Amino acid sequence: MSDKVVSFERAQRRPDPARVQEFAETARRLQRERQESADVVTRALRETPREEWPRLATRPELRNSGALNRLETEVSARLEKEPQEALLLSDLAASIAETLPPDSYPAVVLAQLRALAWKDRAQALAYIGRYPEALEALDRAESRLSFGSLTHDRAIVRYVRALTLQKVNRFEDSRELLAECSQVFRDHGDDRRYLYCGIGEALLLDRTERYRDAYNTLIPLLDVARTSGDVESEARIQSNLAHAAVYLGELNAANVHLSEAIARFVDLGKRLEAIRTELAGGRLLLARGQLRLGIQRLYEARRSFLMHGMVEEAGLSGLEIVEALLQSGARDDAARLAEEILGELRHIAFNDRALSALAYLSDAAQASQASVETVRHVRGYIDSLRDDPTCEFVAL
Amino acid sequence: MVDTGSASDFDERQFEALYHEHFGFLVAVAIQKFRVPESDAETLAHEVFLSYLKDPAHVRDLNRWLLGAICHASRYYWRVNNRLSREAAVEIERIDPSTINILESLPNQIAAREALECLSPRYQEILRLRFFEGLSVPELAARLGVKKKYAAKLLTKCLRRAETLYERKGRRRLRRR
């Protein structure tokens, strides 16, 4: 029995002073670098043309943990809207992290810096659909994490791998990884990432059309999100619940979840996210043939866009309503709305070519000659102007 | 307790206090629960502290984070060193819900075990048979070659002695604080 017993004095043991000093010095240094680097990185990126960003890797003021932290934030902020820029920045971060001298930080810290830089690169690659390269970058990230104490970091990398594997239809591998990561995050009290894993699992079930399982996976997460005060995750869970409920044909439940998601985003002050959720909900309902409910949601989204002065977005979502109205046979309403949209967009001096196309649609609607195809044709043309602003409109 | 909300407000002394406050606990968990050798346990604990520094602002519950980190680090240690028997490996992989409150219960467990160590070998053996091997009082009597009534009396005596030692440990601990 005595070999299993650790004496009480051992629990009161004194740590090696050299190690305490290393810890305190590293803590102080990382803290200082974090504080100093935020502005430095932002300024460097602003003042340097995008194509020259790779050269920033040699700038001494960017070769530290604080700059790498800041770059991580910059990558995250760009993933959705500017994935190519996110990729460039993650390349820069990986390049800095990999060329830091081996003795610049304690080995554990250096391993974290390198692994997380590769993880960011993988995320950026996945966002632009370069999945095999993303998986390679994740291999690199994991290979840097050869310390037992880095299980939490390893789980962060593996969580990204799990989501990437879903994109290449490796659902079973993804499910196993999510279960593993979920446990690690739970053990570390990292409720936010624990919730991400749950949402990731629900997405997987959704992709494999197991909507009931997805719904049942998400429900218990709501309590965790509420208990930990994670309002953003709660909003995302509600939004995913709404999605699953629509596919299950439980429209009342879907409406409630959608409204809850929107309310939580509004609580957070993320009004744009709230409108996007409304819009996505409306589109989903339309796609499932629920014209009345879908139109109602799209009208709500359009009203919110107008309230926030986002006239262009209001116009484009309005076109989706026109299409749905025509589908449901409400020709007069469709004609009225098409005219209204044209007026609004003229008022903000919208692109002339787009206005011509909209005028064509409005005239056709007034003359009861517009069809669902007419609206789709006009919407397609307006979309194409983003890539080619000189493209001419051709009537159907 | 050291303020663990965010490292951005720490001064140097706080970092050191944080290390001192949790070091013994982390090493004790690695040694006791996972049977990691002492010097390796200290290295694991040190690495756990260093890995915490990467993103301290996002650690909401430091005690739980450190406990999770040392438990996983110890499991990883054995996976890499591959020196455990199959049964022991299964045991350390098992998620043990009792570890969630280990911070509160560990000092008591340690004190209790040390109290047991102070008992005479015969008393230790009696408690081991009753509480570790799960023998009933009649079985205990048969094993010791005594009457059932005397076995029950002996058991009460052992427990009382252990309790006295346990209380003394607790008092000594309080005096140290």
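The model is predicted, so local features need pLDDT of at least 70 and side-chain atom pairs count only at pLDDT 80 or more, while totals for chains, interfaces and linings use all residues. Residues are numbered from 1 along each chain as its sequence is written, and chains are lettered from A and ligands numbered from 1 in the order in which they are written.

**Chain A overall**
- Chain A has 18 helices and zero strands, these being DSSP runs of H or I with at least four residues and of E with at least two, numbered from the N terminus.
- Of its 396 residues, 46% are buried, meaning that 20 or more other C-beta atoms, placed from the backbone, lie within 10 Å of the residue's own.

**Helix α2 of chain B**
- The 15 residues of α2(B) (residues 38-52) should span 21 Å at 1.5 Å a residue, and the 21 Å between the end C-alpha atoms agrees; the expected span is 1.5 Å times one less than the number of residues.
- Twelve of the 15 residues are buried, so α2(B) is largely enclosed by the rest of the structure; among them are H46(B), F49(B) and Y52(B).

**Helices α3 and α4 of chain A**
- The axes of α3(A) (residues 65-78) and α4(A) (residues 83-99), which are lines fitted to C-alpha atoms over the stretch in contact, come within 8 Å and cross at roughly 160°.
- That makes the two helices roughly antiparallel, the term for angles over 145 degrees between N-to-C directions.

Key
Axes fitted to C-alpha atoms, helices over the stretch in contact; angles between N-to-C directions. Parallel < 35°, antiparallel > 145°, perpendicular 65-115°, else oblique.
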